[in-house]
Amino acid sequence: VTGSGSPPGSRSASSPAIFFLSDYGTADEFVGVVHAVLHLLAPAALVIDLSHHVTPFDVGAGASLLERSAPYLGSGAVLAVVDPGVGTDRRAVALGVAGPGPTWLVGPDNGLLIRGAGVLGGVVRAIHLRAGTDRPPGQPGATFDGRDVFAPAAAHLVTGGDPARLGPDIDPAGLVAAEPVGVPAAGPVRTADGSGLLVAVRWVDRFGNAQLALEPDTLVRLGVAPGGVARVRVRSSAGSTGAPGPFVSARWVQAFGELGPGELGLLTDANGWVALVLDRSPAATALLIAGPGTEVEISGGPGR
Amino acid sequence: VTGSGSPPGSRSASSPAIFFLSDYGTADEFVGVVHAVLHLLAPAALVIDLSHHVTPFDVGAGASLLERSAPYLGSGAVLAVVDPGVGTDRRAVALGVAGPGPTWLVGPDNGLLIRGAGVLGGVVRAIHLRAGTDRPPGQPGATFDGRDVFAPAAAHLVTGGDPARLGPDIDPAGLVAAEPVGVPAAGPVRTADGSGLLVAVRWVDRFGNAQLALEPDTLVRLGVAPGGVARVRVRSSAGSTGAPGPFVSARWVQAFGELGPGELGLLTDANGWVALVLDRSPAATALLIAGPGTEVEISGGPGR
Amino acid sequence: VTGSGSPPGSRSASSPAIFFLSDYGTADEFVGVVHAVLHLLAPAALVIDLSHHVTPFDVGAGASLLERSAPYLGSGAVLAVVDPGVGTDRRAVALGVAGPGPTWLVGPDNGLLIRGAGVLGGVVRAIHLRAGTDRPPGQPGATFDGRDVFAPAAAHLVTGGDPARLGPDIDPAGLVAAEPVGVPAAGPVRTADGSGLLVAVRWVDRFGNAQLALEPDTLVRLGVAPGGVARVRVRSSAGSTGAPGPFVSARWVQAFGELGPGELGLLTDANGWVALVLDRSPAATALLIAGPGTEVEISGGPGR
């Protein structure tokens with residue numbers, strides 16, 4: 001038994017798996033057909049779906065989902081497809097990483113993979129997937145590389161195939177950089193009057209918890225102790241000119257259940273970031289947080 | 001070939017599986033990460049998802065879903081997470097059951113497991129899961145016990161690990177009782193004028209069929225025979241003061257397709273309860289049934 | 001590595017799987033319970049979900065989904081359930097096909113299977129599933145044949161059981177015909193003034209791409225070359241009396257990314273049909289295409 005919120009220790013003990021995420025949704029057969037192709041080509045590999053409900057074309061959201069998942073993945077390969085540039089000259093790639101966890105990440109070279117690759121030890125090799133990408137005239141169109149290019153490549157790699165057969169090595173330094181997680185991308189910045197920090201929302205989850213680009217240590221340096229109270233206000237989404245909302249108090253708690261009805265909380269979440277939360281209610285909705293990129297101002301001491 | 005609506009006979013023949021249900025949704029990576037952890041710790045166990053779309057925090061709905069599923073589960077363990085109290089002092093538990101079917105149910109001690117455990121032969125042993133629940137400072141928060149506590153415990157049990165290593169035995173009599181399925185919780189009650197029964201809606205499914213806390217035998221005792229007609233009216237949701245709707249007729253049929261367009265039917269459903277149904281249309285919507293707990297009055301003879 | 005948009009070559013190499021599609025949704029436990037039953041009865045068979053989000057009761061949409069998936073399925077059996085007639089005298093069937101790919105398709109005899117069976121080599125044997133369909137009084141109702149009839153039959157067949165034990169052979173010629181994909185069902189027809197073609201929308205996918213009942217070769221015969229421009233207007237859904245919309249131009253491209261913002265495109269899709277598309281935006285919404293069956297007029301030369 002592992003537990004304690006830390007990833008299980010020996011991540012190479014189990015049989016290899018293919019960890020699959022996409023923006024395909026599940027209303028159509030896209031995900032099922034990719035599973036079928038993977039089963040044909042790598043019948044011994046378990047396919048684990050991380051999620052297929054990434055907002056269509058939202059490469060940054062897919063990259064965040066992969067980054068959050070990465071510490072918990074065992075041996076095998078990541079197959080990730082959020083790919084608005086399918087069919088263009090954007091490159092299809094396989095990224096070899098240092099470990100622990102999966103050995104390869106397969107997908108488009110559009111920033112989707114690079115943050116996850118960082119969590120998984122960093123890119124040590126990059127392959128430009130050329131095999132299978134030339135389509136003879138009269139063939140179905142080049143709109144489903146998940147089925148036609150990425151799944152076969154992931155199956156090839158997870159079954160121990162020679163990576164060089166998939167295409168030439170390329171310089172990892174030339175890979176498309178990841179999109180910033182939010183504004184400010186570099187992390188918290190001081191507000192103009194120096195009284196607090198401006199941080200970005202990184203993620204709003206199913207329950208309406210708003211993960212901030214803010215670590216617990218930074219909160220302590222703002223003068224807020226666990227159990228103490230901070231002042232929080234939502235500034236706006238990036239680029240908006242709207243006036244900021246009022247300051248409200250948020251109490252730093254360790255469990256949703258410590259909060260009273262409607263009481264706003266700050267909680268170190270399961271990924272180690274500080275999140276804005278309510279008990280059994282979506283904080284993001286209550287605070288009119290639009291999603292990743294919304295700016296939040298936070299400082300020590302209570303709000304109104 | 002089994003068939004006949006009864007659960008397959010020999011439920012211990014197959015390899016053990018982990019039957020996983022939650023309110024995690026599938027938009028985020030929660031379900032996928034739990035699968036990844038289970039694969040690391042119990043690589044030989046198949047993970048079967050019952051559903052992850054339980055309404056957030058609705059422990060009663062999760063308990064009902066598990067209870068309905070239980071007769072069809074083979075050997076292994078149930079992993080169930082609908083857990084508004086995560087991080088508080090609510091207990092994490094593993095419940096050993098008499099069988100047939102899964103041997104253990106793992107989840108929070110909040111009533112989620114206890115009805116399913118009843119279907120699976122009743123609780124014969126209860127463990128308070130303490131291993132892995134102490135989180136050192138600086139670790140990610142205690143908000144994802146599905147990943148950090150429940151999945152490791154289920155993997156430990158399904159791989160034949162010693163239950164005592166997970167924590168101390170506790171008295172099953174002290175487990176949190178299940179929430180009532182609806183009002184009236186105890187089953188049908190006579191209406192004030194004695195002319196009929198008041199029953200609760202137990203479940204509204206994907207197709208809008210409204211399962212009632214009413215067995216076919218009770219319907220017969222009301223003087224309604226298969227093929228015959230009953231009078232039905234929706235009273236209100238629990239606690240509402242609204243006036244009841246009009247009585248309408250409902251015909252007791254054996255298949256949706258026996259009903260004419262817009263004709264209300266009573267049908268013994270796949271779990272053995274009487275349901276209010278329409279043909280290819282959601283009866284719950286047509287009757288303004290809000291969901292579980294809505295009261296329905298039913299008596300012999302036709303409505304208007 | 002296969003690739004090139006063509007189905008992987010050797011489709012019998014892998015272990016048999018059960019390819020499962022339905023209109024069950026995932027909010028309830030229906031899909032999970034069927035998985036549990038399949039695991040009990042065919043523990044060695046992998047179950048691959050194609051989709052469970054077919055619109056409730058939409059047999060034609062399920063048939064289309066299966067037809068599109070079929071070329072990519074390996075050995076095993078298809079289990080398909082979109083079954084408004086459950087419990088009536090509609091037949092439950094297993095259809096043996098010539099291959100390659102799955103050997104059997106199991107489901108209701110309502111047109112759901114027959115188009116997929118055509119892609120899989122055509123029906124060479126048909127069994128009327130009678131075993132397990134008689135329900136003794138007092139048993140749960142006959143509303144969940146996916147669990148009680150179809151899954152046991154699929155498990156029996158995929159584990160090499162004798163098909164004759166499931167029921168009598170029936171004449172494949174007597175199977176219920178597939179619903180037409182759209183109007184005009186037979187394929188493109190000339191418009192009244194002879195200037196263009198009238199084609200039906202076959203499918204609107206997750207991304208709002210509208211697949212037309214139009215092959216690239218037909219577009220060439222209309223005088224439109226790859227890279228060239230066609231005139232397109234939406235006529236109406238079948239049966240509507242509304243006036244057609246204006247003609248708009250659509251450029252024949254090979255990738256979504258070749259299109260400018262708001263520019264309509266024609267693209268050979270991953271199934272080999274011509275689709276109406278926008279770049280990162282739902283074309284079907286922009287063109288007010290209701291869904292399968294909507295008629296689209298297309299001719300050579302630019303629109304306004």
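Colleague: How many residues of H4(B) are buried?
Modeller: Keep in mind that this is a predicted model. A residue counts as buried when its relative accessible area is under 20%. H4(B) is mostly covered, and the count of buried residues is 14 of 14.

Colleague: Where does helix H4 of chain B bend?
Modeller: This helix covers residues 145-158, and its bend is about 30°. A proline, Pro152(B), follows within four residues of the bend. Past the helix comes Gly160(B), with a positive phi near 85°. As for the bend, its place is Ala151(B).

Colleague: Which residue of chain A forms a salt bridge with Glu29(B)?
Modeller: Chain B and chain A bury about 3,300 Å² between them. Glu29(B) is among the three residues of chain B that lose the most area to chain A, along with His39(B) and Leu40(B). The count of salt bridges between the two chains is one. In the bridge made by Glu29(B), the closest N and O atoms are 2.7 Å apart, and the partner is Arg68(A).

Colleague: Is Asp49(C) buried, exposed or partly exposed?
Modeller: Asp49(C) sits in strand E2 of chain C. Its side chain makes polar contacts with those of His35(C), at 2.8 Å, and His52(C), at 2.6 Å. The relative accessible area of Asp49(C) is 28%. Buried needs under 20% and exposed over 50%, so Asp49(C) comes out as partly exposed.

Technical notes
Residues numbered from 1 in each chain as written. Chains lettered and ligands numbered in written order. Predicted model: local features only at pLDDT ≥ 70, side-chain atom pairs only at ≥ 80, totals over all residues. Heavy atoms only, no water. Bend = angle between axes of the 7 residues up to and from the residue. Helix = DSSP H or I, 4+ residues; strand = E, 2+ residues; numbered from the N terminus. Buried < 20%, exposed > 50% of the residue type's maximum accessible area, 1.4 Å probe, protein only. Polar contact = N/O pair within 3.5 Å; in protein donor to acceptor, adjacent residues only side chain to side chain. Buried area = accessible area lost by both parts, 1.4 Å probe. Salt bridge = Lys/Arg side-chain N within 4 Å of Asp/Glu carboxyl O.
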